[in-house]
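Here is a short briefing on one protein model. Keep the sequence and the 3D view open while you read.

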Amino acid sequence: MSDHIYKKIELVGSSPEGVEQAVNNAIAKAGQSVRNMRWFEVAEIRGHIDEGKVAHWQVTVKIGFTLDE
């Protein structure tokens with residue numbers, strides 16, 4: 001088993017549909033330019049309220065990926 005070194009980036013994903021979709025949006029966007037993504041953690045969840053209802057979700061996501069050897 002080889003040792004792994006990870007780098008971690010922080011993104012904010014958003015969606016009017018919910019938390020899970022906001023996370024998926026952030027990961028999908030990161031995947032366009034970041035290779036070797038391995039894990040994520042949700043650091044913060046917040047939302048926008050419009051007329052007394054949740055209108056939009058924002059999720060701060062930390063994504064870990066391995067560095068190229």
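Asparagine 36 is partly exposed, at a relative accessible area of 27%. Here buried means under 20% relative accessible area, exposed means over 50%, and partly exposed lies in between (1.4 Å probe, protein chains only). Asparagine 36 sits in the loop between helix 1 and strand 2. Helices (H or I, at least four residues) and strands (E, at least two) are DSSP runs, numbered from the N terminus.

The model is predicted: local features need pLDDT of at least 70, side-chain atom pairs count only at pLDDT 80 or more, and totals for chains, interfaces and linings use all residues. Residues are numbered from 1 along each chain as its sequence is written, and side-chain values use heavy atoms, with hydrogens and water left out.

**Positive phi in the loops**

- Most residues other than glycine have a negative phi, and most peptide bonds are trans.
- Asparagine 36 has a positive phi, near 65°, and is not a glycine.
- Glutamate 51 is another non-glycine residue with a positive phi, near 55°.
- Glutamate 51 lies in the loop between strand 2 and strand 3.
- Glutamate 51 counts as exposed, at 77% relative accessibility.

- Three strands make an open sheet in the order 1-3-2, with antiparallel pairing. Two strands pair if DSSP finds at least two bridges between them.
- Strand 1 (6-15) and strand 2 (37-50) each have a single partner strand, so one side of each has no neighbour in the sheet.
- From one strand to the next, the twist averages 15°. Axes are lines fitted to C-alpha atoms, for helices over the stretch in contact, and angles run from 0 to 180 degrees between N-to-C directions.
- Strand 1 pairs with strand 3 (residues 53-66) over ten bridges, in the antiparallel sense.
- Valine 12 has threonine 60 in strand 3 as its bridge partner.
- Glutamate 10 has lysine 62 in strand 3 as its bridge partner.
- Strand 2 and strand 3 run antiparallel and are joined by twelve bridges.
- Glutamate 44 has threonine 60 in strand 3 as its bridge partner.
- Strand 2 and strand 3 form a hairpin, with two residues between them.

**Helix and core**

- Helix 1 (residues 19-30) lies across strand 1, strand 2 and strand 3. Helix 1 runs at about 40° to strand 3.
- In soluble globular proteins, nonpolar side chains tend to be buried together.
- Which residues make up the largest nonpolar core? They are Ala22, Val23, Ala26, Ala30, Val59, Val61 and Ile63, seven residues in all.
- Helix 1 and strand 3 are the elements that give two or more residues to this core. Helix 1 gives the most, with four residues.
- A nonpolar core is a set of buried Ala, Val, Leu, Ile, Met, Phe, Trp, Tyr and Cys residues joined through side-chain atoms within 4.5 Å.
- Valine 61 touches Ile9, Glu10, Leu11, Val23, Ala26, Phe40 and Glu41, not counting residues up to four places away in sequence. Contact means heavy atoms within 4.5 Å.

**Serine 15**

- Is serine 15 buried or exposed? Serine 15 counts as buried, at 2% relative accessibility.
- Serine 15 lies in strand 1.
- The serine 15 side chain reaches the backbone nitrogen of glutamate 17 at 2.9 Å.
- Serine 15 touches Gln21, Ala22, Asn25, His56 and Trp57, not counting residues up to four places away in sequence.

Technical notes
Polar contact = N/O pair within 3.5 Å; in protein donor to acceptor, adjacent residues only side chain to side chain.
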